[in-house]
Amino acid sequence: VLTPQERCHVAVAYFRKGVLGLKVDSSSRLYHMMLHRQKMKEQLAAFCAEIKDIRFTVGAIPAPVEQSD
């Protein structure tokens, strides 16, 4: 659903009552995500029928954790 570049700027904040809350790292990124919200919602709903809506907020995104083998 998201490109690898976009994934670095987005984190899951919550999932409650069919609403997926995503945190983005800037207001410009928030605007970009809002433009693609419907497409994202359709793609995610095809993957997980429980997702009914997506909500975005601006906030700090934790640094990715590197996995060791």
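**Figure 1. Cysteines and the search for disulfides.** A disulfide is a pair of cysteine sulfur atoms within 2.5 Å. By this criterion, zero disulfides are found in a search of the whole structure. The model is a predicted one, in which local features need pLDDT of at least 70 and side-chain atom pairs count only at pLDDT 80 or more, while totals for chains, interfaces and linings use all residues. Residues are numbered from 1 along each chain as its sequence is written, and side-chain values use heavy atoms, with hydrogens and water left out. C8 counts as exposed because its relative accessibility is 56%, whereas C48 is partly exposed, with a relative accessible area of 24%. Here buried means under 20% relative accessible area, exposed means over 50%, and partly exposed lies in between (1.4 Å probe, protein chains only). C8 sits in the loop between α1 (4–7) and β1. Its C-alpha atom is separated by 8.4 Å from that of A63, although the two residues are 55 residues apart along the chain.

**Figure 2. The whole protein.** Three helices and three strands make up the list of elements in the protein. Both kinds are DSSP runs, numbered from the N terminus: helices are H or I with at least four residues, and strands are E with at least two. Along the sequence the elements follow the pattern α-β-β-α-α-β. The C-alpha trace spans about 35 × 30 × 20 Å along its principal axes. Of the 69 residues in the protein, 26% are buried. The accessible surface comes to about 5200 Å², and carbon and sulfur atoms hold 56% of that area. Such areas come from the Shrake-Rupley method with a 1.4 Å probe; for residues, only the protein chains shown count as cover.

**Figure 3. The three-stranded sheet.** The strands form an open sheet in the order β1-β2-β3, with mixed pairing. β1 (10–16) and β3 (53–58) stand at the edges with a single partner strand each, so one side of each has no neighbour in the sheet. From one strand to the next, the twist averages 25°. Two strands pair if DSSP finds at least two bridges between them. β2 and β3 run parallel and are joined by six bridges. One of the positions to look for is G21, whose bridge partner in β3 is R55. Is β2 largely enclosed or open? Five of its six residues are buried, so β2 is largely enclosed by the rest of the structure.

**Figure 4. The hairpin of β1 and β2.** β1 pairs with β2 (residues 19–24) in the antiparallel sense over six bridges. Two residues lie between these strands in the hairpin. A11 stands opposite K23 in β2, and F15 stands opposite L20 in β2. K17 belongs to the loop between β1 and β2. Its phi is near 50°, a positive value in a residue other than glycine. With 85% relative accessibility, K17 counts as exposed.

**Figure 5. The nonpolar core.** Which residues make up the largest nonpolar core? They are L2, V10, L20, L22, V24, M33, M40, L44, I51, I54 and F56, 11 residues in all. At least two residues of this core come from each of β2, α3 and β3. The largest share, three residues, is supplied by β2. The term nonpolar core denotes a set of buried Ala, Val, Leu, Ile, Met, Phe, Trp, Tyr and Cys residues joined through side-chain atoms within 4.5 Å. L2 is in contact with R7, V10, M33 and M40 when its neighbours within four places in sequence are left aside. Contact means heavy atoms within 4.5 Å. Among the contacts in the protein with a separation of 6 or more, 56% are between residues 24 or more positions apart.

**Figure 6. Helix α3 and the sheet.** Helix α3 (residues 37–47) lies across β2 and β3. α3 runs at about 130° to β3. For such angles, axes are lines fitted to C-alpha atoms, for helices over the stretch in contact, and the angles run from 0 to 180 degrees between N-to-C directions.
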